[in-house]
Structures are given as structure tokens and as C-alpha cells.
Amino acid sequence: MMELLLLFFYIIGFTCFSVGILTITYFPLSLAFEMRKSKQHIFNSENPFISIVVPAYNEEKVIAHCIESILASDYSEYEVILVDDGSSDNTLEEMQRYETSSRVIVVTKKNGGKASALNMGLNLAKGEVIFFVDADGIFAPDTISKMLGGFSSEDVGAVCGSDAPVNLDKLQTLLANLLTHVGTGFVRRALDTIDCLPVVSGNIGAFRRITLEKTGPFLEGFIGEDIELTWRVHKAGYKVAFQPWAIVYVEVPSTIKGLWKQRVRWARGLLKTAYIHRDMLFNPRYGLFALYLPINLASMIIIPLLQLISIILLPILLFLNINPIPLGWMSIIGWLGLIFAFFASLFAIALDRAWIDLKYFYVIPLWVPYSLMMDAVMLWAIIVELRREEAKWNKLDRTGIVSRGEIPKQ
């Protein structure tokens, strides 16, 4: 029995290692992204007219920062469509303060979820390019122009910008800052290089109008509408690009409860999207993206479950006087993934030229409990999906805190 437990532990470990080792390819791929020459955007005019759609539900604490930052942009040809999704606070009143600007359109509707609010904005949009932005997002002056630079060829149908936490006031949000460099700046560079970027983030994404005419609008009554639409963009034959210098500053969860709710929503969105578009997996019609998807789904869905099992097995084996891993400090640190976390964070910060964030490296040990929590998130997401529980917008409770000092002043 003990031998079987040990063998099972090693099989799990080898499986996790085999999938994890593939992430090493992200290092040269992200460097290849950096070595590419920057290109000008390709549109019918030098300054295409764009529409920026901002859906909002109970966002009175943050919506003003968002609107003011967009209106302070250095780009001139745009409109801002603010969609109130039946808020019960003063969100609509906050929006209406900006109707004096000829660029701003304010509409309100009965609460129907984020996707329905996005679609209402899409129906009103006149732009050749349409941006979709979360209500807590704060633009830099050049965010719009940088995003447009991502449309470097006619087959690029969508561009995903980069985001940075704005509320760096707690250990949890400081960790989120490091994780953003790795998960966004580092990984998305690599995936862009091989045309396998799987999501245009709801924080800041831009689509050609012609692309959305072929894919159709957001799927209403669906959580994870951003990832589902991105897969349809790939399905329609378009490329999805990453633009690391088109930055929006966003509020990240500052409580464990908020983080849990957000990540369960994301995980359920991934599970639903994978089921809806399961015909894409290994389908040669969709090129390398179809081969990447199974690897991505394995790392996002299967590996977390295996890691939870290994965490349960380890103390059992130790209780039985079986040491499946060397118990030295370096081996334990390596097994917990802290060595990779350190070097990945350092590498990602270098890519983003965000040297100031090196001062937050003391929170890296929190990567371990965070990873365990994400494993539990996926398990719970699978459970609630099997229960067929109702999917809700389930938005974060905003604080309105802006503690990041390097945001350009509006």
C-alpha cells in the first residue's frame, strides 16, 4: 500500500513537472517578441475613429477616475459610450456629469449582466475600432494610441492591452502586482509570438469592427465573456495581438473573499468556454492555437487538481516515514516553486522595465498559499459547474483607492 501511494505521488509529480517544463519556452518566446521591430497600425486612415465602451454596475467609487483618464488621452478621434447596467448606487449620476463633453454618450438599461451592457454599447458604437474597458480602468495619456499600434497587419482582429494594479496598499495587492508582470507582461508576450493568445482581457481590449461583424457580439448570460469572444476571433481566422505598452491601471481584489469570487468567476468562464468550443481542440483548421489549447487547459484545469492531491499525499507519506522529496531547505523551496517564482518575476519585471517593483520582492513567499488557493478555486469552479449553479456578474466591491505614485497625472 505504501509503495502504491509513493508511486502515485511520483506519477503526479512527473505529470505536473512535464506540463510545467513547457513554460520554460516562454522565456525565449517573450524575448523574440521584444526583438521584433515595432510596426505602424494598418487602417484606412492615419487616425481611425474609435469607440470606447465602458459598462458599469455600482461603480460610483471608480467611474469618475476612468472617464477623466480617457478624456485626457492624447488621441483625438474617439467617442466614449458609458453604459449603466441598472446600478442601485449613484453610478448613473456620476456618468451624467460628463455628458457636457461632446465625446461622451450615457445610456442606462435594466440590469442584465456585463455582456448585455457591452452589447448595448457595441450597438451604439460608430468606431472602426471598438475598445471595451472595465469601469475601474485608468488610462495613461497614450493608452489609446499604443493600443492602435497593436493592429500591425490586416489579419490582426483584436488587441489585448496590459494592466497594472492601482491599489498597492496591501500585501495581497503587492503580490498581485508581481503576478501581473508574470501572467500578463511575460506570458502574453510569449503567446503573441506564436499567435496563441487565448484572451483579450475585459480590462482593456480592442477589436476591429469588421472582426466583430464576423464573430457576432458578446454571449449574454455568460461569465467569462471576454475569453469566449477571443476564441471566436481565433475561430474566424483572425490573429490576437498583445500590446504591452498600452497600459490601464485597475483595482485588484484587496480581500481574500474578493479574490476568491473573482477567480472562481474566471475559472468558470474558462470551463464554459472550453466546453462550448471543444471542437477547436486539435483541429488543424485553427493552426497552432488548436494544439496550444489542450496544453493550456491541462495546466489550468488538470494540474491544479493534481497539485491538491499531492499536497494531501505528502503529509500522509511523511507520517508513514516515507520521504518522497529531500527535506533540505533548497529542495523544499524548489518543490514549492519559489525558485521559479523568483526568476520569473525578475525576468517579467525586466521585460516591463518596471524596476521600481523590485522593492516588492519580499512578498514572493506568498506565491505558495496563493497557488494553493488557485488550485482550490479550480476545484470549486468544477463543482459549481457540475451543479449548474447560476452564473452572475459577481463584480468586486470597489475601494476607490489609488495608491500608485507613477500614474501620469491627468
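# A tour of rings and a nonpolar patch

Select Tyr26, Phe27, Phe186, Phe340 and Phe347: together they form one aromatic cluster. This is a predicted model, where local features need pLDDT of at least 70, side-chain atom pairs count only at pLDDT 80 or more, and totals for chains, interfaces and linings use all residues. Residues are numbered from 1 along each chain as its sequence is written, and side-chain values use heavy atoms, with hydrogens and water left out.

**Stop 1: the ring pairs**

Rings of Phe, Tyr and Trp (its six-membered ring) pair if their centres lie within 6.5 Å; planes under 30 degrees apart count as stacked, over 60 as edge-to-face and the rest as tilted. By this rule there are 13 aromatic pairs. Zoom in on Tyr26 and Phe186. Their ring centres are 6.3 Å apart and their planes stand at 85 degrees, so this pair is edge-to-face. Tyr26 lies in helix H2 and Phe186 in helix H7 (residues 171–193), so the pair ties together parts 160 residues apart in sequence. Helices (H or I, at least four residues) and strands (E, at least two) are DSSP runs, numbered from the N terminus. Both Tyr26 and Phe186 are buried. Buried means under 20% relative accessible area, exposed over 50%, partly exposed in between (1.4 Å probe, protein chains only).

Now pick Phe27 and Phe340. Here the ring centres are 6.5 Å apart and the planes are at 90 degrees, so the pair is edge-to-face. Phe27 is in helix H2 and Phe340 in helix H13 (residues 338–352), so the pair ties together parts 313 residues apart in sequence. Phe340 is partly exposed, at 38% relative accessibility.

**Stop 2: the surface patch**

Select Met330, Ile339, Phe342, Phe343, Leu346, Trp355 and Leu358. They form a nonpolar patch on the surface, with about 670 Å² of accessible area together. Like charges are joined within 9 Å, nonpolar side chains (Val, Leu, Ile, Met, Phe, Trp, Tyr) within 5 Å. H13 gives the most to the patch, with 4 residues. Trp355 is in the loop between H13 and helix H14 (367–386). At 49% relative accessibility, Trp355 is partly exposed.

**Stop 3: Phe49**

Go to the loop between helix H2 (26–35) and strand S1 (50–56) to find Phe49. Its C-alpha atom is 5.0 Å from that of Gly127, 78 residues away along the chain.

Technical notes: Patches are made of residues with over 30% relative accessible area and no salt bridge: like charges are joined within 9 Å, nonpolar side chains (Val, Leu, Ile, Met, Phe, Trp, Tyr) within 5 Å. Accessible areas come from the Shrake-Rupley method with a 1.4 Å probe; for residues, only the protein chains shown count as cover. A salt bridge is a side-chain nitrogen of Lys or Arg within 4 Å of a carboxyl oxygen of Asp or Glu.
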